[in-house]
Amino acid sequence: MTKTPSAWIGRILFWLAIVLIAVYLLFPFYWAINSSLKTESQLQMTPGTYVPRSPGTGDVAPTLQNYGAVFRNDRFLTGLKNSAIVAVSTTAISLMVGAFAAFALGKLRFRGKQPSLYLILSMTMFPQVAVLTGLYAVIRTLSIPAIPSMILSYMLFTLPFTTWVMTSFFEGLPNELMQSAQVDGATPFQTFYMILLPLTLPALVTTGLLAFINAWNEYLFALTFTTIEPDARTVPVAIALFTGEVSFQEPFGEIMAAAIVVTIPLLFLVLIFQQKIVAGLTAGAVKG
Amino acid sequence: MSAESVPINHEQEPASPKRRGISDLAKREERLAYVLLIPTLIILFVIAFYPLGSVFYNSLSDRRFASGQESHFIGLANYSNLLSLKIVELQPEVDDTGQVVVDPDTGEIDYPPAVSVLPREPRRYRELAQFGLLGNRYVIGATDPEFVRAIYDTVAFTVITVALETVLGLGIALVVNSKFKGRGMMRVVMLVPWAIPTAVSSRMWEWMFKDTRAGFFNILFQDLGLSNGQIPFLVDQAWQLPAMIAIDVWKTTPFMALLLLAGLQLIPSDLYEAADVDGAGKLRQFWSVTLPLLRPTLAVALVFRTLDAIRVFDLFQIVLQQKRYSMASFAYYRLIDGQLMGYSSAASVVIFVIIFVFAILYIRMLGVRND
């Protein structure tokens, strides 16, 4: 089929739009990479350059010294470790506890089911800041260390979400599965963990990914609970409070390097699991 | 997964001669359900309901952290301190002869400082803003101008970001909805801003907003001939909110676009084919097919984002710190820097109430799927 001129114009406009969107979304990353490859004096050059250039000659002169500094920065490395511990634990616990609750809500009959569903749904929108002072008081009074405090408190947003999405997955599994298992003499709980749970594995991966990303990115509780325990700071807090090795000025070269270091694993996660992540994101919103 | 597609039928099991056996089974099922729900309920009680209760309770006290002082029940004093507003007319300055003083340089009427007309007892009011109306000048005083401004800023931030994100998000979703090579890659590009921590994106943008021409926006503005390249975006009152909005729109528009894209893909393509046959143009199809069918998704996405934007914290706390507050960062600083537990709790309650109202609307709109 030959294309008419107007179809060609449409085509060009379409690709122009695609390029525009991609540039808009990617440019801040480009600027961060660019800045992370500059020395302190290159960063202070005005006007700033679109590629790292030597102040004297104007030649392209990138440096990796900021990345070296980031990987020598104990606070940042401890932050990575703390974030990993907190995000993995939060995800594991909320998946386990949430799957139990979701099975009950999705497949069992009991009085009070409707109110429980309402409760879980409303909890998915619960504002963290509303319980900040209350949680902080509990934690200070019982002197719970910061890391378990974060793991526990992050369930405020991971657990209701996990439960809500898993409930709809359980509802989607045919009842015949349960009934035939019961005929074979399986108790409902056996049916749950031997038959239904393996079938919900894709849902577990999806919700787990989202819970992990949310827990990894959380900032308000992490900042508050680590106020008196700087060694427990997670990556977002470490980046927000980043101080360099020597300079008193905010070391933006190192901060940008740290930002890129944190972004790369997330980029891979998104590359591998993009379809699952989108499915999880839209599960609550579109299918309701 | 909608309930209609998977009818849950054991609710209507017919009463049979073996009714006793069935009700035994039903009892066991019910007991199992409660056992399975208990861990979730306990966790939610410890991290949500109990702290929420104590926040409400503390909001009525003058409790402080790390102090030996006993705390007292002070009723609604925290709330009235947070929210009290007073509008007072400002009389022009008059000289000894009773003449209105006019500034000789600008020709404008001289007004006394606003604090002179605002009440000091029992609580001190500070100036929030001034405005002129019918030739008179008025001062809005607040007992805590920072919180009132935080409410105003947060609401303005919410309305503008959500509106921009919806329009941009819809545009992006419509473009990406057509089939083209590299669509998967495009989805990755859209997911990354959403996936990175707000702390990271806030710092990236903070650097782009630097107040010299080392910052991208100052370079850009100068290249476009809009400024001398020295705009202190994050210090200048007039630029602070637009900067916050720009950062948030960048970070969350892709999320909005992905939600809307999922909604677009639910629209059956034969509707468009039918519209084509009927000779409806693209624009007509958008108004008559796409928009009405996208409405449920659009509504949900809107409310999701609204609730999220009202509690914005990371962005304001990291980029503006104490220069300007969102409601949440105000509550945070009163708690951590001020150790004012009671006062911060009252601010949290105000946020909670605002969000609660929206959440109720949301649940009404969606409804819990019934079985």
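**View 1. Where domain 1 of chain A meets domain 2 of chain A.** In this predicted model, ten residues of domain 1 of chain A are in contact with ten residues of domain 2 of chain A; "in contact" means that the C-beta atoms, placed from the backbone, lie within 7 Å. On the domain 1 side, helix H1 (5-36) and helix H2 (40-43) of chain A are the elements that give two or more residues, and H1(A) gives the most, with five residues. Helices here are DSSP runs of H or I with at least four residues, strands are E runs of at least two, and both are numbered from the N terminus. Sorted by class, that side has four nonpolar, four polar and two charged residues. Nonpolar covers Ala, Val, Leu, Ile, Met, Phe, Trp, Tyr, Cys and Pro, charged covers Asp, Glu, Lys and Arg, and the others, Gly among them, are polar.

**View 2. The two domains of chain A.** Domain 1 takes 1-63 and domain 2 takes 65-286, with bounds from an automatic or database domain assignment. Their C-alpha centres sit 34 Å apart. Count up the elements of chain A and you get 13 helices and zero strands.

**View 3. Chain A against chain B.** Here 90 residues of chain A touch 88 residues of chain B. Which helix of chain A gives the most to this side? That's helix H13 (residues 252-286), with 17 residues. The chain A side holds 64 nonpolar, 22 polar and four charged residues.

**View 4. A sheet in chain B.** Three strands line up in the order E1-E3-E2 as an open sheet with antiparallel pairing; two strands pair if DSSP finds at least two bridges between them. Strand E1 (85-90) and strand E2 (126-133) of chain B are at the edges with a single partner strand each, so one side of each has no neighbour in the sheet. From one strand to the next, the twist averages 25°.

**View 5. Strands E2 and E3 of chain B, with a helix on the sheet.** E2(B) pairs with strand E3 (residues 136-142) over seven bridges, in the antiparallel sense. Look for B:Glu127, whose bridge partner in E3(B) is B:Gly141. Helix H3 (residues 145-177) of chain B packs on the sheet and touches E1, E2 and E3 of chain B. The direction of H3 makes about 60° with that of E2(B); axes are lines fitted to C-alpha atoms, for helices over the stretch in contact, and angles run from 0 to 180 degrees between N-to-C directions.

**Reading the labels.** Residues are numbered from 1 along each chain as its sequence is written, while chains are lettered from A and ligands numbered from 1 in the order in which they are written. Since this is a predicted model, local features need pLDDT of at least 70 and side-chain atom pairs count only at pLDDT 80 or more, while totals for chains, interfaces and linings use all residues.

Technical notes:
Two residues are in contact if their C-beta atoms, placed from the backbone, lie within 7 Å.
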